[in-house]
Each structure stands twice: as C-alpha cells, then as structure tokens.
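Work through the exercises below with the sequence and the 3D structure in view. Try each task before reading its solution.

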Amino acid sequence: MPFDEVDEDFAAAEGEDDRTLESWRAGHEAYFRRTLGEGREFTPDMPLVCERFELLYPKP
C-alpha cells in the first residue's frame, strides 16, 4: 500500500514509539530517507509491503 495510506490501526499494531500514526510516519519517513539507495528518494505515495503476523504458539 502507499506510505500515506497506512492507517492508525497498523501503526498501533506495529508497537513502536508511542503507537500513533503521526509518530509511525515520522519515524518511518526518517528511516526511508536515510536508507533508500542512490537515485531513489522518499515520496508520500511510495509503495510499502505491510504485513501482519499472528502468534500461534505463545510462550507458556
């Protein structure tokens, strides 16, 4: 999905920082700006792969 379409539920489920969409976007934008390879730059509509995982075997 595009970066700017990630929603509050996904940001909260990722569990980083204060779990708000605002902090998720700020942190991830900073990360992408630092790490994208030469010739690539951050854009608000850049595609992301967003995955959710389900814990099937919790620790006892």
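Contact means heavy atoms within 4.5 Å. This is a predicted model, in which local features need pLDDT of at least 70 and side-chain atom pairs count only at pLDDT 80 or more, while totals for chains, interfaces and linings use all residues. Residues are numbered from 1 along each chain as its sequence is written, and side-chain values use heavy atoms, with hydrogens and water left out.

**Exercise 1**

Task: Find the residues that Ser 23 is in contact with, leaving aside its neighbours within four places in sequence, and state where Ser 23 lies.

Solution: 
- Step 1. Ser 23 belongs to helix H2. Helices (H or I, at least four residues) and strands (E, at least two) are DSSP runs, numbered from the N terminus.
- Step 2. With neighbours up to four places away set aside, Ser 23 has Asp 17 and Asp 18 as contacts.
- Step 3. The relative accessible area of Ser 23 is 14%, so this residue is buried. Buried means under 20% relative accessible area, exposed over 50%, and partly exposed in between (1.4 Å probe, protein chains only).
- Step 4. The side chains of Ser 23 and Thr 20 are joined by a polar contact of 3.1 Å. A polar contact is a pair of N or O atoms within 3.5 Å; within protein, one must be able to donate a hydrogen and the other to accept it, and residues adjacent in sequence count only if both atoms are side-chain atoms.

**Exercise 2**

Task: Is His 28 buried or exposed, and which side chain does its own side chain meet in a polar contact?

Solution: 
- Step 1. His 28 is found in helix H2.
- Step 2. His 28 has a relative accessible area of 14% and is therefore buried.
- Step 3. The partner in the polar contact is the side chain of Glu 14, at 2.9 Å.
- Step 4. Beyond four places in sequence, His 28 is in contact with Phe 3, Glu 14 and Glu 16.

**Exercise 3**

Task: How many salt bridges does a search of the whole structure find, and which side chains meet in a salt bridge?

Solution: 
- Step 1. A salt bridge is a side-chain nitrogen of Lys or Arg within 4 Å of a carboxyl oxygen of Asp or Glu.
- Step 2. The search finds 1 salt bridge.
- Step 3. Glu 29 and Arg 33 form a salt bridge through their side chains, at 2.9 Å from N to O.
- Step 4. Both residues, Glu 29 and Arg 33, lie in helix H2 (residues 21-35), 4 residues apart, about one turn of the helix.
- Step 5. Glu 29 counts as partly exposed because its relative accessibility is 26%, and Arg 33 is exposed because its relative accessible area is 51%.

**Exercise 4**

Task: List the residues of the largest nonpolar core.

Solution: 
- Step 1. A nonpolar core is a set of buried Ala, Val, Leu, Ile, Met, Phe, Trp, Tyr and Cys residues joined through side-chain atoms within 4.5 Å.
- Step 2. The largest one has 10 residues: Phe 3, Val 6, Phe 10, Ala 11, Leu 21, Trp 24, Phe 32, Phe 42, Met 46 and Leu 48.
- Step 3. At least two residues of this core come from each of helix H1 (8-14) and H2. H2 gives the largest share, 3 residues.
- Step 4. Not counting residues up to four places away, Phe 42 touches Phe 3, Glu 29, Phe 32, Arg 33 and Leu 36.

**Exercise 5**

Solution: 
- Step 1. Most residues other than glycine have a negative phi.
- Step 2. Asp 17, although not a glycine, has a positive phi of about 50 degrees.
- Step 3. Arg 19 is not a glycine either, and has a positive phi of about 70 degrees.
- Step 4. Asp 17 is in the loop between H1 and H2, and Arg 19 lies in the loop between H1 and H2.
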